[in-house]
Amino acid sequence: MPSKRSAKYRRAKWRHFLFTIGPNRLTGGRLLDRHHAGGVVTRHIEIECPLWPRELDGVRIAHVSDFHIGDLLPLDKAVRVIEQLEDERPDMICNTGDVIDLDCIDVRPMFEAMRKLSPPLGNYLVLGNHDELDDPDLLRRMARASGITVLDNEMVQVEHEGRRLAVGGIEWARTPDACSRQIDRAMGDGTIDILLSHNPKAFDHASERGVPLVLSGHTHGGQVARKDRPDANLAIAHRRSAGLYEHGDSRLFVTVGVGAWFPVRMNCPAEIAILTVRSGSRN
Ligand SMILES: [Fe+2]
């Protein structure tokens, strides 16, 4: 497990100094003040999903990701973002990771805010690469203590009012091959309806395995995008970096996330996504 002495943690700390702390000092603190003042938009998206089970037609999923709680997103703002979901009355909340930016602070108030919403189909979390920098096990314990299902290469079945849903999730994996191995571990010989993966690179293998819907984050939509072209952005390592994608009958939604890893967003506002999933004609 990585620790504060790990090379990954030290590199992340340097990046944080170079792109956040240093520039913020140069601007007399104005950079972070301006960043903290930025709002988080609620986006409503309808997803036509051919493989989605008919009895789950119209399920509303609150998809949140990449809070990066720390210098760039104070905990109280993260709690307010979750509270913003209250009026939406989602059926389930899916958090696709990077809750923590660097140091694993006490984020239980955010998890408790999720618990308070008590979505009937549950609260789910998969961890991202930043969550692994300091103390991923502590983060898992805090989430589970608030009744959140943390999915580490596994799946769970949930049933509510006659509706059954198989929810899978994988731990952080950097490459498509590593994602594929985790997906196979999570699914075994079974099927799942929805897969949570921090890395959108899981999508190709998930679609090969017939997963109807994959939710991801990680890219932040590049944080800087061309006007009216959210997919033309700085996340050049990712073919699928913002919004909705199709491959065969499977669908992927990549949220640009709530937080940031450097204090600038241009043409790429922080978001929470409310997804309404419609079963397609094949059901
Ligand atoms: Fe992230």
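This is a predicted model: local features need pLDDT of at least 70, side-chain atom pairs count only at pLDDT 80 or more; totals for chains, interfaces and linings use all residues.
I started with helix α1, which spans residues 7–26 and holds arginine 10. Arginine 10 is partly exposed, at 45% relative accessible area. I found it in a positive surface patch together with Lys8, Arg11, Arg15 and Arg174. Next I looked up tryptophan 14, also found in helix α1. With a relative accessible area of 57%, tryptophan 14 is exposed, because the cut-off for that is over 50%. Trp14 belongs to a nonpolar surface patch of about 550 Å², with Phe17, Leu18, Phe19 and Trp261 as the other members.

**Helix α5.** Which residues of α5 are buried? I noted Pro136, Leu139, Arg140, Met142 and Ala143. They cover an arc of only 165° around the axis, so they sit on the same side of α5. The face turned away from that buried side carries Arg141 and Ala145, both exposed.

Aspartate 137 is partly exposed, at 31%. Both belong to a salt-bridge network that also links Arg144, Asp152 and Glu171.

**Other salt bridges.** I read off 19 salt bridges in the structure. One of them joins aspartate 91 and arginine 163, at 3.8 Å between the closest N and O atoms. This pair links distant parts of the chain, 72 residues apart: aspartate 91 lies in the loop between α3 and β3, arginine 163 in strand β7. Both residues are buried.

Methods:
Residues are numbered from 1 along each chain as its sequence is written. Side-chain values use heavy atoms; hydrogens and water are left out. Patches are made of residues with over 30% relative accessible area and no salt bridge: like charges are joined within 9 Å, nonpolar side chains (Val, Leu, Ile, Met, Phe, Trp, Tyr) within 5 Å. Accessible areas come from the Shrake-Rupley method with a 1.4 Å probe; for residues, only the protein chains shown count as cover. A salt bridge is a side-chain nitrogen of Lys or Arg within 4 Å of a carboxyl oxygen of Asp or Glu. Lys and Arg count as positive and Asp and Glu as negative; His and the chain ends are not counted. The place of a charge is taken as NZ of Lys, CZ of Arg, CG of Asp or CD of Glu. Helices (H or I, at least four residues) and strands (E, at least two) are DSSP runs, numbered from the N terminus. Buried means under 20% relative accessible area, exposed over 50%, partly exposed in between (1.4 Å probe, protein chains only). The arc is that of the directions from the helix axis to the C-beta atoms.
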